[in-house]
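Subject: Structure for your files

Hello,

The structure we spoke about is below. My notes on it follow, grouped by region.

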Amino acid sequence: MTLMKKLSGALLKYKNIIYPIIGAAAVFALCFIVLYGGENVGISDNGDFRRVLLVNNLEYKDDTDKYYLFKEDYTMKVEGDTLAQKLAFLWSENEEEDIYSSPQFFIIKLSKTLNFFANIITSKPETDYNIIWLALIYILMLSVAAWGIFSFFADAKPSLQIAVAVIFLLVFCDAGYILYFNSFYGEPLQYVALMMLISVGLLIYKRPSIPKIICFFISLYFFAGSKLSNIPYSLIICVFSLTFIFLKKGKAFKIGALVSLVAAAVCIVGLYSSIPWWMNSDTTYQSVFFGILKESDTPEEDLKALGVDEKYAVLMNTNSYMEEDEYPIDIKSEQFKADFYDKVSKSDILMFYLSHPSRFVKKLNIAISNSAYIRPPYLGNSSTELTEITGRYSLWSNVRAYSGILYNPIVIFALFILTAAYAVFADVIYLKHRKRAPVKNVYAIAGVNILALGLWINLMLPILGNGEADIAKHMFLFSNFVDILFAILLLAVVRAKPKTGIASALAAALAIFFCCFTLPKKTVEFGTYNGEPIKWEIYENLSDGTQILIAADSITEMPFDDGENLWEYSDLRQWLNSDFLAEFSEEELSSIVTTENSNILAVDYKDLASDGGHTHYWYFTRDMADNLSDTAYRYYNEDYVYIPTIDMLKNLDGYSDDYWVMCPYGNNGFMERYVNNDGFVLHTDVQNEKGVRPVIRRKAN
């Protein structure tokens, strides 16, 4: 009994230490399992790795399918005769004219050094590089951030401690975030640096000290440099960080805080000066021609408002990812540089949208709708299956995608407006009662302002900075902030009185229910497959007395083809128009009418096009999946039985099974689009099996 009392006493005495340590260890273990618990997973390249690998003297060991498969093995250059010379080379940079500076390179060089010593110990070639060393650094940084957050709540009620741990492990260790650790993107450093900022910020509030403030600004520097678009927001955080001086008395503390702040601001401004011209030029081009002018009814007037010659309206709907021969004019000429790049800046784009608020809101709606996935669905996880999405520890990712709440523009705008209103209200109340308010209140209110501004800035910045190009990937930080806001609201529910908590939980459950619930559509029976009548939804009744029917369920699963995404010659088309119809009666077959369909072509087959002038640029939301498809490379053929076309999807409800869509992935000749089981339009290799929902046009009875 005495021993039990001693153990209980020891646990009570050290519970404030044990809880954060166990929590941080759980985060580390979970992240490691997500990445390496079975087949190693990560994120594939989309073209951004090249400049990172180049500056850090790295290259692919095997670059086959590098844009679609996760690659973990690379080769690093090692030069020098002595150990010191080799280490010095590992920390050197490749001198290239278009290289930019980033604190991400420090993390990569550290991972190279760890890998180098591991190679020596295990007798592997010293030039071998495995990305696991980079992932381990990110995992460790996130675990330290978790330790700080758990330490802040170490003396809270057990119910709140449990809630904090569950939310962190469920939401912020989700595969949507953690898979980035196995990549060379800036997002993983951005993510862990932001979590470190929150962690250190909370610890400063609890017990302010100069070492913690220095850690805060180091984290801010890494956050700013991880993605150079974070620089404006980071400078805003610097301004609000002036509240540090109110947290503790003493001249030395205040001077130390100010010196740290100024040093951080100078370093962050220095990052801005390192942005290469090509990076700014590409994003400005897309902000205008794939942003402001995209699907504009008045492209000439828009260019005139920007101070650009109206003749460049022919570039509307184009982006900097296209093939050179897809542009109607030479966008790399000196003339275009003088007429466009030398005249348009990001501030001009901001002023345009401020003078056209309704168009800006429309663009923001598009951005929000494209933030459903934490990890863009076109980036592959697997090292063996092209662009297939892993389901490993993706509960939160699935909740986000299936519920529809956290990427619903109405919900997001309502939450953001309420958060901004709360911040303004807190500011006013504090200013009114500042003489009597506790000193720490000004710091807490600064945190509320930073959150509110972060929500709005990271919603608007992708559109202002890059238009709609690659919008899903650029919404990563926005999704991160939305998840942080959601976590705060959940913790507020836990801390509320029981009745209030029950009411809030009930309201959330009802919101999810109404977002997900849809009435079943009326079906008709027509034809037979495998001895069972086929149920069809009536998609459209046409004026000529015919109707378009789409199978209510997938009738089977099969590959699209054995190698190509050309619908006309695909195995799936041949099967639908032969074996599939074997059990239809003569009367049923005679009632089916052929349909002329417009078939989009991948860039590999653009020479077959009878119409259109550019690669089909994809979106994964059903209401935008056919965006700009009417001007993309395409040709026409008649179909007896076919599958849903890309323009049909916006009028189809979400679906519980994957099924093929008659639309190729535009950038290559071996991937096809399909509707995922969460209702979004993704793409995969044509040899993978997906569901088949036949479509026919028949004479109405």
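**Cysteines**

Counting a disulfide as a pair of cysteine sulfur atoms within 2.5 Å, the total is zero disulfides. This is a predicted model, in which local features need pLDDT of at least 70 and side-chain atom pairs count only at pLDDT 80 or more, while totals for chains, interfaces and linings use all residues. Residues are numbered from 1 along each chain as its sequence is written, and side-chain values use heavy atoms, with hydrogens and water left out.

Two of the cysteines show how the count comes out. The closest cysteine sulfur to that of C31 belongs to C173 and is 4.1 Å away, too far for a bond. For C215 the closest cysteine sulfur is in C267, at 15 Å, which is again too far. Below, buried means under 20% relative accessible area, exposed means over 50%, and partly exposed lies in between (1.4 Å probe, protein chains only). C31 is buried, with a relative accessible area of 0%, whereas C215 is partly exposed at 40%.

Helices (H or I, at least four residues) and strands (E, at least two) are DSSP runs, numbered from the N terminus. Two strands pair if DSSP finds at least two bridges between them.

Three bridges link strand 1 with strand 2 (residues 73–76) in the antiparallel sense, and Y60 stands opposite Y74 in strand 2.

Contact means heavy atoms within 4.5 Å.

G176 is found in helix 7 (residues 175–178) and is buried, at 5% relative accessible area. Leaving aside neighbours within four places in sequence, G176 is in contact with I374, R375, S397 and F476.

K473 is in helix 20 (residues 471–474). Is K473 buried or exposed? K473 is buried, with a relative accessible area of 1%. Its side chain makes a polar contact of 3.0 Å with the side chain of E187. A polar contact is a pair of N or O atoms within 3.5 Å; within protein, one must be able to donate a hydrogen and the other to accept it, and residues adjacent in sequence count only if both atoms are side-chain atoms. With neighbours within four places in sequence set aside, the contacts of K473 include N46, D48, Y180, K227 and Y378.

**Helix 13**

In helix 13 (residues 299–306), P299, D302, L303 and L306 are buried. They cover an arc of only 95 degrees around the axis, which puts them on the same side of the helix; the arc is that of the directions from the helix axis to the C-beta atoms. These buried residues pack against helix 12 (277–292), helix 15 (346–355) and helix 16 (357–369). The face turned away from the buried side carries the exposed residues E301, K304 and A305. Just after helix 13, G307 has a positive phi of about 80 degrees.

Strand 4 joins strand 5 (residues 532–541) over five antiparallel bridges, and Y529 stands opposite E532 in strand 5.

Strand 5 also pairs antiparallel with strand 6 over five bridges, where E540 has I548 as its bridge partner. The two form a hairpin with four residues between them, and G545 in the turn has a positive phi of about 90 degrees.

Six of the six residues of strand 6 (residues 546–551) are buried, so the strand is largely enclosed by the rest of the structure. T546, I548 and I550 point one way, and Q547, L549 and A551 the other. Strand 6 is joined to strand 15 (residues 695–699) by five bridges, the two running antiparallel; L549 has I696 as its bridge partner there.

Regards
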